[in-house]
Amino acid sequence: MDLINIAIKGIFVENMIFAYFLGMCSYLAVSKTVKTATGLGAAVIFVLAVTVPVNWLLENYILKEGALSWMGEEYASLDLSFLSFIMFIAVVAAIVQLVEMLVEKFAPALYGALGIFLPLIAVNCSILGAALFMQERQYSTITEATVFATSSGIGWFIAIVAIAAIREKIKYSHVPAPLKGLGITFIITGLMGIAFMSFSGISF
Amino acid sequence: MSEKVKEPLFSKKNKKLITDPLSENNPVTVQVLGICSALAITVSIEQAVVMSLSVLFVVATGNVVVSLMRNLIPDRIRIIVQLVAAASLVIIVNEVLKAYLPDMAEKLSVFVGLIITNCILMGRYEAFAMANKPWPSFLDGIGNSLGYGWILVVVSIFRELFGTGKLFGVQIMGDAVEGTGAYSVGYMNNNLIILAPFALFCVAIVIWVQRSINKNLIEH
């Protein structure tokens, strides 16, 4: 039951976009059409689901205070957690590179459509953010961390696909000129955020 | 025999590096970078100021570092080199904050770490520092982080004032319990403004105002 709870929290209640604004830059930039949004969303789910467990292992067996005790008594008191930023981002960058090569090989059309935003997943804050939340919330098993990461990814996916669908339609509406594009997208995101807030309080 | 004319430190071109990002080419409202933190930490002015200063430090020094190394970095691994430079600087900021402003470090929580993935950083390293000398890069870093900072401060003034009736943590709208000051004429704290989605509306309003004044920025 705990896992379902984590999943629901990740997808709806603590949605990466609507509750924490993580990954906003690519969310705003790639949400012009549903097709590219779906591609990027799927890539983000994948990267999250791989990087967070890897970072969980790093955190628990290398970085955390006392995590190095498997190497012997004399290492048991070491606390390397100040290194976590650099370790986490290195893992993220490496895995994004991997994803980039895979997408280029197996889905060249998508690769072309995503362009610069594929490598930029490395600097998508939702990825590093999830790793840091994982560290802060101290998930006790790797399964919990994986479920958390995947569900945050799904939440992000839902958010970007939904906004892309709305933006495709809004092209035909009369928006005040200075609000066109970026401004109205912010406002819609805010409204969706309010809608998603109604999920808070749900738990199983 | 042409003697190389030394460019003055604050030549017209260099001044433009600082003034341009403040409005015309603002990182937040025009280039749409660094939005995440701009929204999440604007609940109080104090947080916004600390965050802006941290970003200022990381972007300006990082720009200088990347610019100094620009001829040594192999093209293929430049993103990772830039990320490592950013991450090391952010570790410094994080440790300093933890040591001297522990409350603030607690409030900013993961968002200090997320400076690493703040797109302004990577944007500036990649687009400017990789192609320019250290001094212009430094100015460019300062300019961009100021452009980022003022948006944060404006949004946070709005949110803190109408959300809690305070500015810089000082109650200025009167006392809510005793009903003095603005509260005596029926003013009430708008708790909605503290909530996350309202940051989006605030930024949208800033964009609206800015684009109404500067018509060049309107999207078609």
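A crossing of two helices is called right-handed if the near helix is turned clockwise from the far one by less than a right angle, and left-handed if it is turned anticlockwise. Keep that in mind as you work through this predicted model.

**Exercise 1.** Work out how helices α4(A) and α6(A) are oriented to each other, and what the hand of their crossing is.

*Solution.* Start with the geometry: α4 (residues 84-106) and α6 (residues 125-137) of chain A pack at about 135 degrees, and their axes are 10 Å apart. Next, compare the angle with the classes: over 145 degrees would be roughly antiparallel, and 65 to 115 roughly perpendicular. The two helices are therefore oblique to each other. Finally, the crossing of α4(A) and α6(A) is right-handed.

On the α4(A) side, the contact is made by Ser84(A), Phe85(A), Phe88(A), Ile89(A) and Val92(A); α6(A) brings residues including Leu128(A), Ala131(A) and Gln135(A).

**Exercise 2.** Classify the ring pair of Phe18(A) and Phe196(A), and say which parts of chain A the pair ties together.

*Solution.* The whole structure holds nine aromatic pairs over all chains. In this one, the ring centres are 4.6 Å apart and the planes stand at 45 degrees, so the pair is tilted. Phe18(A) sits in the loop between α1 and α2, and Phe196(A) in helix α8, so the pair links parts 178 residues apart in sequence.

**Exercise 3.** Find where confidence is lowest and highest in chain B.

*Solution.* Begin with the chain: its mean pLDDT is 79, with 88% of residues at 70 or more. Then go by element: strand β2 (residues 170-171) of chain B is lowest, at a mean of 74, and helix α3 (residues 45-69) of chain B is highest, at 88. For the complex, the predictor gives an ipTM of 0.77 and a pTM of 0.82.

Key: Residues numbered from 1 in each chain as written. Chains lettered and ligands numbered in written order. Predicted model: local features only at pLDDT ≥ 70, side-chain atom pairs only at ≥ 80, totals over all residues. Heavy atoms only, no water. Axes fitted to C-alpha atoms, helices over the stretch in contact; angles between N-to-C directions. Helix = DSSP H or I, 4+ residues; strand = E, 2+ residues; numbered from the N terminus. Parallel < 35°, antiparallel > 145°, perpendicular 65-115°, else oblique. Contact = heavy atoms within 4.5 Å. pLDDT = per-residue confidence, 0-100. Phe/Tyr/Trp six-rings, centres within 6.5 Å; stacked < 30°, edge-to-face > 60°.
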